[in-house]
Amino acid sequence: MANDGSGSDIVRADSSHGADASPGTAVIAADAFENPGLPPHRERVTDLDPKADRRHERVVSLLFYLSIVFSVAAIAAYFAIPIVENDPWSVRLNTLFLGLSIAGALLSIGVGTVHWGKALMDNAERVEMRHQTRGTEETRARSVEIFQEADKESGFSRRSLLRNSLIGALVAAPLPAIFLFRDLAPRDNDPAAMLAHTAWKEGVRLARDPSGTPIRAADVTLGSVFHVIPEGLEESEHYLEEKAKAAVLLMRLKPEDLNVSPGRETWNYDGIVAYSKICTHVGCPVALYEQQTHHLLCPCHQSQFDIKQEAAVIFGPAKRPLPQLPISVDSEGYLVAQSDFHEPVGPSYWERRGDYDV
Amino acid sequence: MTTTSDTRNDLRTPPRTQQRGVVGAVSNYVDERTSISGFIKLMARKVFPDHWSFMLGEVALWCFVIILLSGTFLTFFFQASMAEVEYDGSYVPLKGLEMSAAMASTLDISFDVRGGLLMRQIHHWAALLFIATIMLHMARVFFTGAFRKPRELNWVIGFLLWILAMGEGFTGYSLPDDLLSGNGLRIIDGLIKGIPVVGTWTSYLLFGGEFPGTQIIGRLYTLHILLLPAVIVALIGLHMVFLIVHKHTQFAGPGKTNDNVVGYPILPVYGAKMAGTFFLVFGVIVAIAGLFTINPIWNYGPYDPSPVSAGTQPDWYIGFADGALRLVPPGWEFVLFDTYTVSMNILAPIIAITLWIVAVMFYPFIEGWITGDKREHHLADRPRNVPTRTALGAAGIVYYGAMFVAASSDLIATHFQMSMENVIWALQFVFIVGPFIAYFITKRICIALQKKDREMALHGYESGRIVRLPGGEFVEVHQPLDEYERWRLVSFNDYKPLMIRPNARGQISPFERVRAVLSRWFFEDRIAPVTRGELEASHGAHGHREGANEPDLHQSELATAGQGVGAPPHTKP
């Protein structure tokens, strides 16, 4: 296939395959330049100078030997630098020396092989002719014929009853697969209903996350912030799932800094407010509290909520304020929830109604 | 090779070619059972053109091989289970902590398996590089027009590979079940829940109950090591088959035509370079993995829905999706009929990304429709010679880039002491206006470069030699290009805007009208390649002036032009 690269088969660039194919809006000037053909081949220094040739050969073989040395070094490193328990530094050294010796072994092979290819292997350009991608007319005609013959022999077109019933069967056959996927999640649950409720209910104490120790109202000093979970959550069968909904941030502001809307007057306790920690955008924990401005920031997509305005969104992609957890204090001075949230927490979902009592 | 004998019952041994020795015996054994000699004859001397940019796809391929090798090692130690275990490995700060078996086994790979951390980091770095080289490869194919007929379908296959590679990346990223990847899954959960009608149930089924559940790691693991790799391997195979069928594109150049391939045969030169490239890529990745930490899950800890660290970043290739979520202005969510919540703050980014991705996938068909060119194209365009396409590509990169950069909006704000709001507003501006600016600037640059090429082809290049003529006039001697160098500048496809004409029934279809508008937009600003007539005309003008004043000078310049003294180097010496 490959000829000697003399360029004797040169055709103009534009006169491409399928001269009968439409060139569309392409313009081909009548007196466009002719392809001058391959430029004369240039000899490399290794072609001209036998000394250089031998030198490059030595370099390449040296690289291959070097690779062997590196591979042996890698095995040596594996044993010589073991991982010692409770010593992260040994992990680092193990990774470093194993990595560098293996890399050295591989790179030496790579550099050597490529250099061999570039400097020592015959570098005369070869020319191979292309063929049109479409089959020849005979081939195409024969394929059409084959289909026609097969159609005749099978009666696929003629026996339309057979054909249509088969198509029907093939359409119906994959349908059971759709149902088989139903048990990916437990039965008898409505996900939308589950999203609407959390582990908070009347009288549940607010506890520190993750220790689970309840919080006294007196512990919450002005300007402080607590990461909160419902007390007793660790006993829950679905700890992470419940926590993903029930996580709360507790902050204390000066009572006069809070702009309480009607109906929520009793939801805070002496300036202590509790808001869902789950962002109303896509559900990241809104974990960053800016003490001076009383802004909460979601580190994932930078939604900002203003605690002074009942966690209203002041920047970022979120739309809804963080839901507020109504709190009060029990007889022992611990903070407790008055009820569950009055609306679903976390990201929006299709079935989430817009008429929650908040 | 054997030849068939004339008569069926003739049992005489036909004449054979067979090499002696062990190699000959083994080759003979294999060939007599596989016909492999035919395959060798077909493939082994196939010619591949040489250009550095053709290596990008190859690097992607080798990255994938490295991912398979390192990933297999990891599967021997990794446990894709969300069962709660108490960590009891070597990493003291996490000792005694409750975590999933997935997280614990990933920590064991990192701290208790010799070379395990290296393998994890090889796997992760190779994955990052895999997607990067895929995208660079796509950019190369796009900007050189290598997606044109007959390669449109191979573009689509490559496009699918890119999407699948991102899927592989995301599923793999989530497997350790650490805090950072868990938050990534949380975002995916939120995204899915935002899809109208089916979102809530899709999330419920995917996670096997409420988020995070105890199923997702095992499910992602099956996707990550079974389904997605199988599809990727199959599509890479198909990608390669089409590469063989079409043969590789090459840049226009002397001796290179639309009907040939000029380069080096697979055996030995190209094979050596390819094999060498594998070892180079592998070596570089191992070196990076040995030197630089990636995804230090021990710093993040096990997943817990409550904590999160500031400055969280996804892996780079997911950045554009994360950034798109950040660019949404506040308040893009509404309630339908007081019952259904429509989260445009989730849907808008999904739509913005989908539009871009769909445009990438269908671009070859759109351009093919506009030009109406049904010929096969095997010569790669220089990007400047198709200004509108190149400008569109630049616009697409800016569009993607704005989303990508937005994923780091918080880090940009903290590193450069700017307000987070200003960074987002600036990026929103870049996202919307940037593509237009990039389009305009790129197009002008392309046309300017084309003009420069034209100038060079017609009048030669500036030699830097100032000559004083007898009349006292100073001129700079322009050295004419040799024919090889000139060919590089004048051999490109040229299109003119479509002129709509009524069809047989005297009508112009609205389809054709749209096509005409697009065609005008595409090819209105066009610089045609220099023709022989134009060159002669320009030489005539020169001859009149220079020839009259300095005949010897002109002659000598012409004589030395082809010999390479001070001439620009050929692309292919």
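## Charged surface patches

K51(A), R54(A), R55(A) and R58(A) form a patch of positive charge on the surface of this predicted model. Patches consist of residues with over 30% relative accessible area and no salt bridge, like charges being joined within 9 Å and nonpolar side chains (Val, Leu, Ile, Met, Phe, Trp, Tyr) within 5 Å. K51(A) is exposed, at 60% relative accessible area. Here buried means under 20% relative accessible area, exposed over 50%, and partly exposed in between (1.4 Å probe, protein chains only).

A patch of negative charge on the surface comprises E84(B), E86(B), D88(B) and E98(B). E86(B) is located in strand β2 (residues 84-86) of chain B and is exposed, with a relative accessible area of 54%.

## Basis of the model

The model is predicted, and local features need pLDDT of at least 70, side-chain atom pairs count only at pLDDT 80 or more, and totals for chains, interfaces and linings use all residues. Residues are numbered from 1 along each chain as its sequence is written, chains are lettered from A and ligands numbered from 1 in the order in which they are written, and side-chain values use heavy atoms, with hydrogens and water left out.

## Salt bridges

Over all chains, the whole structure contains 35 salt bridges, each defined as a side-chain nitrogen of Lys or Arg within 4 Å of a carboxyl oxygen of Asp or Glu. D330(A) and R205(A) form a salt bridge with an N to O distance of 3.0 Å. D330(A) lies in the loop between β12 (327-329) and β13 (335-337), and R205(A) in the loop between α7 (191-195) and β3 (206-208), so this pair ties together parts of chain A that are 125 residues apart in sequence. R205(A) is buried, with a relative accessible area of 17%. E332(A) also meets R205(A) in a salt bridge (3.0 Å, N to O). Because E332(A) is in the loop between β12 and β13, this pair joins parts 127 residues apart in sequence; E332(A) is partly exposed, at 47%.

In chain B, R454(B) and E534(B) form a salt bridge whose closest N and O atoms are 2.6 Å apart. R454(B) lies in helix α16 (residues 420-459) and E534(B) in helix α19 (residues 532-549), so the pair ties together parts 80 residues apart in sequence. Both partners are partly exposed, R454(B) at 22% and E534(B) at 31%. Elsewhere, R148(B), E367(B), D381(B) and R389(B) are joined into one network by salt bridges that share partners.

## Surroundings of F147(B)

F147(B) lies in the loop between α5 (116-143) and α6 (152-174) of chain B and is buried, at 1% relative accessibility. Leaving aside residues up to four places away in sequence, F147(B) touches V141(B), F142(B), E152(B), W155(B), Y363(B), P364(B), E367(B) and R389(B), where contact means heavy atoms within 4.5 Å.

## Chain B as a whole

Chain B has 20 helices and 11 strands, and its C-alpha atoms fill a box of roughly 95 × 80 × 60 Å along the principal axes. Of its 573 residues, 52% are buried. Among contacts in chain B with a separation of 6 or more, 74% involve residues 24 or more positions apart.

Technical notes
Accessible areas come from the Shrake-Rupley method with a 1.4 Å probe; for residues, only the protein chains shown count as cover. Lys and Arg count as positive and Asp and Glu as negative; His and the chain ends are not counted. The place of a charge is taken as NZ of Lys, CZ of Arg, CG of Asp or CD of Glu. Helices (H or I, at least four residues) and strands (E, at least two) are DSSP runs, numbered from the N terminus.
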